[in-house]
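I opened my notebook to look up a few side chains, starting at the surface and then moving to the aromatic rings. Come along and check each entry against the picture.

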Amino acid sequence: MAIDTAVKTAARNGGHGPSAAIRSRHRRPGSRLWVKIVVTVLLVVEIYPLVWMFLTSLKSNSDYLNNSTWSLPTHWEWGNYAEAWTTGHIGLYLRNSLLAVIPALALILLLGTAAGFALQIMVWKGRGLTLLVFLAGMMVPPQMILLPLFTVYFRTGLSGTLWPLILTYTGTGLPLTVFMMATYYKSVPRELFEAATIDGAGILRAFWTISVPMVRNALLTVGLVQFFFIWNDLLIALTFTNDQDLRTVQVGLLNFTGDFGATQYGPLFAAICLNVFGTLLIYLFLNQKVMKGLTSGAVKG
């Protein structure tokens, strides 16, 4: 009976069934082992710096300077986090970052989604050229526009506020957002908007009630990408924040000092941990929706 079964299986697979099955069974454990090894190495590469950074945030200044970089803390200095929040003003820097990032991100998503809708769904003359203009905006290095913008903000009296950061972040983030949202709108069926038009819906109603809910995963993905770009910015924030009370978290970490202007490495790494682990938690919480958003514009439905 076993021989007949093997023969029938071989006949169904063109005479190579048993040998192919045996070879595949011999290959699978080895291939899975290599996958596990690669994944383990990647996890170590990704997680170990985070663990080292957290352990360093619990060291005293003398412990950091006198002992090995890879050594464990001699005394676990949990007060470094309190000192980073008070003496290091990390709470003020985080607040300034939120006050600059949230309005800029809201403007980027609103204007970028509206522009993507207009470029892909609406039919009007010159929309192809307009999309090329937005794409050209992606090729302009931010370093080229800092000096002219600084002059404009100074003459208009916006210096000394967070408005230069909000406006600059909005302008530099719009080209990529428009391009990505226009790509996502390609996957939205046009029949939905045609049916809405027949039912009497106007452009604004079709935009808010039909298009926005259908690209919500894309909005979340683009918003998260832009959030990390803006949050981790140093060049623009360093250029336009000339007051300590206006520093964002990245500029604050760059100028992080303790008492008498000396660098306190324990509170410094504690402040870095607050910044890094906070953004990491946001990504881990929204990870699945980001993956859906990345794939939603890949295939036209």
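Before I start, I need one cut-off: a residue counts as buried under 20% relative accessible area, as exposed over 50%, and as partly exposed in between. I also keep in mind that this is a predicted model.

Entry: I looked up Leu 33 and found it in helix 2, which covers residues 17–56. Is Leu 33 exposed, partly exposed or buried? Its relative accessible area is 48%, so I wrote down partly exposed.

**Entry: aromatic pairs.** How many aromatic pairs does a search of the whole structure find? I noted 13. One of them joins Phe 117 and Phe 193 edge-to-face, with 5.8 Å centre to centre and 65° between the planes. Phe 117 lies in helix 5 (residues 90–120) and Phe 193 in helix 9 (residues 190–198), so this pair ties together parts that are 76 residues apart in sequence. I checked how covered the two partners are: Phe 117 is buried at 3% relative accessible area, and Phe 193 is buried at 7%.

**Entry: another pair, and a cluster.** Next I looked up Phe 207 and Trp 208, which also pair edge-to-face, at 5.1 Å centre to centre and 70° between the planes. Phe 207 is buried, with a relative accessible area of 8%. Finally, I traced the ring pairs and saw that they link Phe 117, Tyr 185, Phe 193, Phe 207 and Trp 208 into a cluster.

Key:
Residues numbered from 1 in each chain as written. Predicted model: local features only at pLDDT ≥ 70, side-chain atom pairs only at ≥ 80, totals over all residues. Heavy atoms only, no water. Helix = DSSP H or I, 4+ residues; strand = E, 2+ residues; numbered from the N terminus. Buried < 20%, exposed > 50% of the residue type's maximum accessible area, 1.4 Å probe, protein only. Phe/Tyr/Trp six-rings, centres within 6.5 Å; stacked < 30°, edge-to-face > 60°.
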